[in-house]
Structures are given as structure tokens and as C-alpha cells.
Amino acid sequence: MQNSVVYGILMTLLTSREKVSRKFLAEKYEISERTVRRYIDALSGGDIPIQTIRGKNGGYTIADNYRIDHSFFTPDEYDRLLTCVGALSSFDDDRNRNIIDKLRQLSQSLDHEQYLLKSDTLVIDSGTWANPHYYRGKIETINRSIADGVTLNMRYIDRNETASERLFDPYSLILKEGVWYVYGWCHERSDFRLFKLSRIRSLYLTDTPYQKRPSDVYGKLNEKFENARQIELHIEFSPSIESDVEEWLGTEVITRKKGDVMTAQALVYSSGSLLKKLLSFGSAVRVVSPAYLQEELLTECKRVLVAYGVE
């Protein structure tokens with residue numbers, strides 16, 4: 001009995017909103033209909049509530065209220081299952097990626113430890129306030145790839161929302177400015193790259209070993225942003241966001257004017273992320289210069305008003 005096929009049948013039943021025919025399962029997993037029946041019997045014998053609908057238009061369904069208990073699989077079985085589902089390139093769609101994300105969350109529940117480093121003087125938390133285990137599954141997969149020296153298959157969404165699937169040899173994990181990155185050799189670009197973990201949509205281990213190339217991760221971290229120029233940013237802001245501006249630009253660029261207005265002048269990179277950063281402060285910040293950035297902010301604010309039906 002092929003465990004990957006059994007798992008696949010179970011996931012197909014769990015994610016399908018309608019009954020699934022025996023013929024469909026046989027064609028999908030390239031097995032006979034008799035073998036499908038045998039695998040279904042095996043799942044039913046494991047206390048999974050599968051209902052068999054007989055007749056010409058029959059098939060299989062699973063109870064809507066059924067949930068896989070996190071202890072149903074061992075950690076190694078979850079890793080194998082994630083690899084098998086990720087390898088189904090013929091089903092490379094949103095549903096398949098949703099399955100991978102759900103399985104990763106179930107895998108994380110086997111280990112409630114969310115901290116990558118924990119001591120009396122230093123704690124590194126892999127998650128967010130809302131989701132303590134947010135990056136744990138990706139980080140564990142990357143660490144296993146590094147330890148075993150095997151290439152990763154990665155689906156990535158870049159800053160332009162363009163999706164790509166690529167092979168990647170990870171070398172190290174990086175936390176910079178509160179953002180997680182993975183550094184390594186990208187097969188598609190034939191070069192070393194940094195990828196944001198938040199933009200990785202799916203990740204699974206391959207069976208292909210890799211040999212490390214000479215690299216300089218520290219040099220990569222000190223590179224200039226590609227296709228981005230630096231500008232002199234001058235802002236006025238409310239003392240209510242002083243700590244946020246200090247964290248962003250540094251204390252040495254901040255001055256206090258008369259009254260409750262504070263100012264900051266600093267060299268920053270002119271990119272789409274700058275506009276998003278300024279908008280995140282709302283009315284607590286005002287751009288003094290450059291003028292073109294003022295116009296971009298005003299244009300975006302007008303788009304927000306239109307989106308809410310305000311002319």
C-alpha cells in the first residue's frame with residue numbers, strides 16, 4: 001500500500017465540496033478502481049467517517065465535521081505528506097497550496113515550541129502576535145534542507161505579485177529589520193538571492209543533493225537595493241509615533257520643533273515600500289519634501305476615498 005496515495009485520497013476527500021467518484025480517484029493517482037476501494041476501506045478502518053454513495057453516479061464523501069487530529073500523523077509522516085502533496089505539479093493551483101498550508105499548520109501543532117532561540121538574555125520568536133507559529137513550518141523545512149544538503153522546490157510571489165516556481169539551495173536564515181529572509185543559490189537566476197519568507201507560498205524538499213558554493217552572505221546584506229535610488233526625506237510627525245520613527249530612521253535624524261511637532265530628515269530608498277510605510281502612519285505624519293512624494297501620497301489617498309465611495 002502506497003502511503004502517499006492513501007494520504008492523497010484523504011486530502012482529496014477533505015477538500016472536495018462534492019462527492020468524489022472511484023474512477024476519478026483511480027485516474028488521479030494512476031491506480032485501479034479495485035485498489036481505490038481497498039484504500040478507502042483502509043481509511044474507513046482507521047475511524048475516518050467516509051460515506052460510500054452507490055449507484056451509477058456514486059462516489060465517496062467525508063463527514064463535514066470531521067477534522068484530522070494533530071496526532072494522526074507523526075512529524076516525519078507530516079514531512080513526507082507535505083513533500084508528496086507539493087510534488088503534485090499537475091495540481092499546482094490554489095487548492096493544492098491551501099492543502100500544503102493546512103498540513104503545515106497541523107504539523108506545527110505537534111510541537112508548541114514557537115521559539116527559535118530561548119535563553120535568559122535572548123529570545124527569538126518565529127511567529128507574530130496573532131499567529132505564534134507563523135513561520136515555524138517554513139523555517140523547519142529550510143533548516144532540514146540545509147542540514148541534509150538537499151535542494152528545495154519553492155513557489156514564490158515577488159514584489160510585483162508575479163508567481164514563480166524555482167529550485168533553491170538554502171544556505172542560511174536571516175532576520176533583518178524584523179523581516180525573515182532565506183539566503184542561498186537560486187537555480188533559475190544562477191546567482192545568490194535573498195527571499196522573504198512571507199512571500200514563499202509553498203516549500204518542499206526534493207531528493208537532489210547540492211554542494212555549497214563559495215558565498216558572502218554579509219556582502220549580500222550590505223548591497224544596495226536593485227533599481228532603487230536614495231532620496232532625502234523630510235517629514236513632520238506627531239510625538240505619538242516617535243518610537244516608530246526612531247525604529248525606522250534612527251534617533252540621530254529626529255529633532256523637536258516648537259510645540260508638539262517633531263521632524264526627521266534622512267536618506268531613504270525610493271520604492272513602493274516607502275509609500276506603504278508612510279501611509280501606515282496615517283495622519284500622524286506629513287511629508288515636507290520631496291514634492292513628488294507628496295503628490296504620490298495624495299493620489300493614493302484619493303484612491304482610498306474612491307474605494308469607499310467618497311468622491
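Visitor: Where does I31 lie?

Guide: In this predicted model, I31 belongs to the loop between α2 and α3.

Visitor: Why is I31 called buried?

Guide: The relative accessible area of I31 is 15%. Buried means under 20%, so I31 counts as buried.

Visitor: Which residues is I31 in contact with, leaving aside its neighbours within four places in sequence?

Guide: With those neighbours set aside, I31 touches V5, L25, A26, V36 and Y39. A contact requires heavy atoms within 4.5 Å. As for V5, it is 26 residues from I31 in sequence, and the two C-alpha atoms are 9.1 Å apart in space.

Visitor: Which residues in helix α2 are buried?

Guide: Helix α2 covers residues 22–29, and L25, A26 and Y29 are buried in it.

Visitor: What makes the buried residues of α2 line one face of the helix?

Guide: Looking down the axis of α2, its buried residues fall within an arc of 100°, so they line one face. The face turned away from that buried side carries K23 and E27, which are exposed.

Visitor: What is the phi of E30, the residue by which α2 is followed?

Guide: The phi of E30 is positive, near 55°.

Visitor: How do you know that the span of helix α3 agrees with its 13 residues?

Guide: Helix α3 runs over residues 33–45, and at 1.5 Å a residue it should span 18 Å. The expected span takes 1.5 Å times one less than the number of residues. The end C-alpha atoms of α3 are 18 Å apart, which agrees with the expectation.

Visitor: Which residues are buried in α3?

Guide: The buried residues in α3 are T35, V36, Y39, I40 and L43. They cover an arc of only 140° around the axis, which puts them on the same side of α3. R34 and G45 are exposed on the other side of α3.

Visitor: What order do the strands of the sheet with five strands take?

Guide: The order is β8-β7-β6-β5-β9, in an open sheet with antiparallel pairing.

Visitor: Why do β8 and β9 stand at the edges?

Guide: β8 (191–196) and β9 (200–209) each have a single partner strand, so one side of each is left without a neighbour in the sheet. From one strand to the next, the twist averages 45°.

Visitor: How do you know that strand β5 and strand β6 are joined?

Guide: Two strands pair if at least two bridges are found between them. Strand β5 (residues 150–157) and strand β6 (residues 163–176) have six bridges and run antiparallel, so they meet that condition.

Visitor: Which strands does helix α6 lie across?

Guide: Helix α6 (residues 136–148) lies across β5, β6, β7 (179–186) and β9, and it runs at about 90° to β6.

Visitor: Why does I241 count as buried?

Guide: I241 has 8% relative accessibility. The limit for buried is under 20%, so I241 counts as buried. I241 sits in the loop between β10 and α8. Leaving aside neighbours within four places in sequence, I241 is in contact with F281, A284 and V285.

Visitor: How many disulfides does a search of the whole structure find?

Guide: The search finds zero disulfides. A disulfide needs a pair of cysteine sulfur atoms within 2.5 Å.

Visitor: What is C301: buried, exposed or partly exposed?

Guide: C301 has a relative accessible area of 38%. Buried is under 20% and exposed is over 50%, so C301 is partly exposed. C186, with a relative accessible area of 0%, is buried.

Technical notes:
Residues numbered from 1 in each chain as written. Predicted model: local features only at pLDDT ≥ 70, side-chain atom pairs only at ≥ 80, totals over all residues. Heavy atoms only, no water. Helix = DSSP H or I, 4+ residues; strand = E, 2+ residues; numbered from the N terminus. Axes fitted to C-alpha atoms, helices over the stretch in contact; angles between N-to-C directions. Buried < 20%, exposed > 50% of the residue type's maximum accessible area, 1.4 Å probe, protein only. Arc of directions from axis to C-beta.
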